[in-house]
Amino acid sequence: MFSKLKLLAKDTVIYGASTILARSLNYLLVPLYANKLTTFDNGIQAVVYANIALANVIFSYGLETSCLKLASDAIKQNRDERPWLSTALISIVVTSTIFALLMALFAPSLAMAIGLDAESGRFIRFAAVILWLDAMLVVPFAELRLKRKALSFALAKIMGVVGGVVSTFVLILGFKTGLSGVFIGEALGSLVSLVFVLPVLKSLRPLFSADCYRQLLRIGLPYVPTGIAGLLIHLIDRNLLIRIPQHDIERLYGSGFHASDITGIYGRVAAFGVALQMFIQIFRFAWQPFFLQHADDPEAKPLFRQVMNLSTIAVIVLAVACTFFVPDIVRHHWGDRLYLLPPRYWMGISILPWIFFSYVFDMMSTNLSAGLLITGNTRYLPVVTFAGAVVTTLACWILIPLSGMNGAALAILAGTAVMCLCMGWYSVRFFPVSYDWGRLSMLLGAGLAFAVWSDDLLAGLAAFGVHGRLALIAKLLVVLLYLLLGTLVFRTEAMVVVSKLQNKIRPAGGGSGNR
């Protein structure tokens, strides 16, 4: 048992590290896009990429999950798993080719359907190529995961991202390709990944089984609506922001901006939530094997309550810290040559508190998902996801015309909060844990207050002549004050953490003294 858990932990670290490294490398493109493309072009890129993420679900239509399950079952029963893999691959090759050709054929109409003009159809054609290449990777990546070839999986992922990032830099900086270089670079990155998994494709036989296909579809298709709903929570904002009426733009931001400019500014600023996103991603990779391992322990429920408290406090403190310091990082003129985001984007910085705090609810939902997974009540996960997606969509429709980018960010916060509440309702119902809702709500409310009034606080400091380093010190003191508040509210947990740290430090000190 322990050896299996060690293998799981090892694979988790490799998959997690590759995913996080890939996200980090992709983030290098944000300053490039902001500085070398117009806000208008950034808006087109944000909308098309949001819809690429949604279309990926349709192009793969759940076959990765169903293929993993059915092929895994075949291996357990000492049967050949290759019919499942080859059937899935042939299906995806055929359907993805049809989908991509249809996208290319109706590109102008699709561009207009997602809020762009007909001339942006050429970017839809680039998207079709990217989607086709990504679809070709579905079955090879599934086989690598199935056969526990985590290093090969990670290598193909990372080299694809490296290839894409390098290609994009060369195309935009060297060949001055503009927005087209973004899509061509992405396609080249997917092509690099495909080259690395070609040995997997060569091992499959050209076999298609109608019976296998029916079973693959039976398991895979139900994942499509759930997958789309899950993505809508974080992507519907771009799709609706691009439709904001011109008179609302002029009322909120003045003249000289179009819907694509506003969407581009929003997308580039919102990308700074990546720090919290990666923190939660790291936690998620470690959390699932952890709670499955300890689900039957006598102290499991108190343990899970402590994990909820500590992980949520960590994300709230990070959200407060990011709210105070990320705007300075964005506005800093690095080497007197480069802004991470040029001044034209600074009007969107006000969305950051809502973006950062939406990840607090994501962290809480990640904790609460344990109850449904442990008890096997995963049928309620789509209900939770759809609730969040519906609230996000409705909030976007209502708030974007009223407050533009801030409305979109508030809609994301509302959607993740509702998803967290629904997850908590079902989780505690089937796996009762006495979570510290009162104290967590108090700390979350205080954190939101710190974030909301951060601009007023900074304006007050400026009025008293506090600028530069003094202002940074003042912000640090505010964050430390909030951390002190959290320590007082959760003093028992804080004492446990301090005790653990002391126990780790003392042996080292004692050992060196004895020598």
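The model is predicted, so local features need pLDDT of at least 70 and side-chain atom pairs count only at pLDDT 80 or more, while totals for chains, interfaces and linings use all residues. Residues are numbered from 1 along each chain as its sequence is written, and side-chain values use heavy atoms, with hydrogens and water left out.

V166 lies in helix 9; helices are DSSP runs (H or I, at least four residues) numbered from the N terminus. Together with L155, M159, V162, V170, F175, L188, L191, V195, F196 and L198, V166 forms a nonpolar surface patch of about 900 Å² accessible area. Such patches join nonpolar side chains (Val, Leu, Ile, Met, Phe, Trp, Tyr) within 5 Å, from residues with over 30% relative accessible area and no salt bridge. A salt bridge is a side-chain nitrogen of Lys or Arg within 4 Å of a carboxyl oxygen of Asp or Glu. Areas follow the Shrake-Rupley method with a 1.4 Å probe. Helix 9 (150-174) and helix 10 (179-196) are the elements giving two or more residues to the patch, and the largest share, five residues, comes from helix 9.

In helix 2, the buried residues include L29, V30, P31, L32, Y33 and A34. Because six of the eight residues of helix 2 (residues 29-36) are buried, this helix is largely enclosed by the rest of the structure.

Notes:
Patches are made of residues with over 30% relative accessible area and no salt bridge: like charges are joined within 9 Å, nonpolar side chains (Val, Leu, Ile, Met, Phe, Trp, Tyr) within 5 Å. Buried means under 20% relative accessible area, exposed over 50%, partly exposed in between (1.4 Å probe, protein chains only).
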